[in-house]
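Colleague: Please take me closely through one part of this model, the nonpolar packing and what surrounds it. Give the cut-offs as you go.

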Amino acid sequence: MADDQNVTPSDDYITLVDEDGNEELYQILLTFESDDFNKNYVLVYPATADDEEEVELYAFSYENPNEDLEGQLADIETDEEWDMIEEVLGAFIAEDEE
């Protein structure tokens, strides 16, 4: 989904712009940094989802070298990264339930 999309963050939301120029608003669930992969990650879901429905989460690595309002998202590249993201998400959910 990413293919090095541009992203514009705004508080807890980001707007993803696809290769056709279409914009869609996503809510940020979680951001974190991995020392093992030397990358930052963001987990998002569509902002239009309501609290009662099951939502699909999207995970991306991202770079924001200037820490300005735009950054670059990239797709997750390896199974090892996916495993790490699932572990972090599981810990986040467990902590949130406590």
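Modeller: Contact here means heavy atoms within 4.5 Å. Among contacts between residues at least 6 apart in sequence, 36% join residues at least 24 apart. This is a predicted model, in which local features need pLDDT of at least 70 and side-chain atom pairs count only at pLDDT 80 or more, while totals for chains, interfaces and linings use all residues. Residues are numbered from 1 along each chain as its sequence is written, and side-chain values use heavy atoms, with hydrogens and water left out.

From the N terminus on, their order is β-β-β-β-β-β-α. Of the 98 residues, 29% count as buried (under 20% relative accessible area, with exposed over 50% and partly exposed in between, for a 1.4 Å probe and protein chains only).

The mean pLDDT is 82, and 81% of the residues reach 70 or more (pLDDT is the predictor's confidence in each residue, from 0 to 100). One stretch needs care: over residues 1-9 pLDDT stays under 50, although the model has 42 contacts beyond four places in sequence for them. Where pLDDT is low, the predicted coordinates should not be read in detail.

Now the core itself. A nonpolar core is a set of buried Ala, Val, Leu, Ile, Met, Phe, Trp, Tyr and Cys residues joined through side-chain atoms within 4.5 Å. The largest one holds 9 residues: Leu30, Phe32, Tyr41, Leu43, Ala59, Ile76, Met84, Ile85 and Leu89. Strand E3 (23-34), strand E4 (39-46) and helix H1 (79-97) each give two or more residues to this core. The most come from H1, which gives 3. Another core, of 8 residues, lies apart from this one and has Ile14, Ile28, Val42 and Leu73 among its members.

Leu43, a member of the largest core, is in contact with Gln27, Ile28, Leu29, Leu30, Phe32, Tyr58, Ala59, Ile85 and Leu89, leaving aside neighbours within four places in sequence.

The helix comes next. H1 has 19 residues, and the 27 Å from its first C-alpha to its last is close to the 27 Å expected at 1.5 Å a residue (1.5 Å times one less than the number of residues). Its buried residues are Glu81, Met84, Ile85 and Leu89. Viewed down the helix axis, these fall within an arc of 135°, so they line one face of H1 (the arc is taken over directions from the axis to the C-beta atoms). What covers them includes E3, E4 and strand E5 (58-63). Asp79, Glu86, Glu87 and Glu97, on the other side of H1, are exposed.

Then the strands. E4 and E5 pair in the antiparallel sense over 5 bridges (strands pair if DSSP finds at least two bridges between them), and Asn40 has Tyr62 in E5 as its bridge partner. E5 in turn is joined by 3 bridges to strand E6 (residues 71-74), again antiparallel, with Glu63 opposite Gln72. Ser61 is found in E5 and counts as buried at 7% relative accessibility. Beyond four places in sequence, Ser61 touches Lys39, Asn40, Tyr41, Gln72, Leu73, Ala74, Asp75 and Ile76.

E3 is joined to E2 by 5 antiparallel bridges, and Tyr13 stands opposite Gln27 in E3. The two strands form a hairpin with 5 residues between them, where Gly21 in the turn has a positive phi of about 85°. In a regular strand the side chains alternate between the two faces of the sheet.

Glu23, in E3, has a relative accessible area of 61% and is exposed; leaving aside neighbours within four places, Glu23 is in contact with Thr15, Leu16 and Val17. Asn38 sits in the loop between E3 and E4 and is exposed at 66% relative accessible area. The phi of Asn38 is near 55°, a positive value in a residue other than glycine.

Notes:
Helix = DSSP H or I, 4+ residues; strand = E, 2+ residues; numbered from the N terminus.
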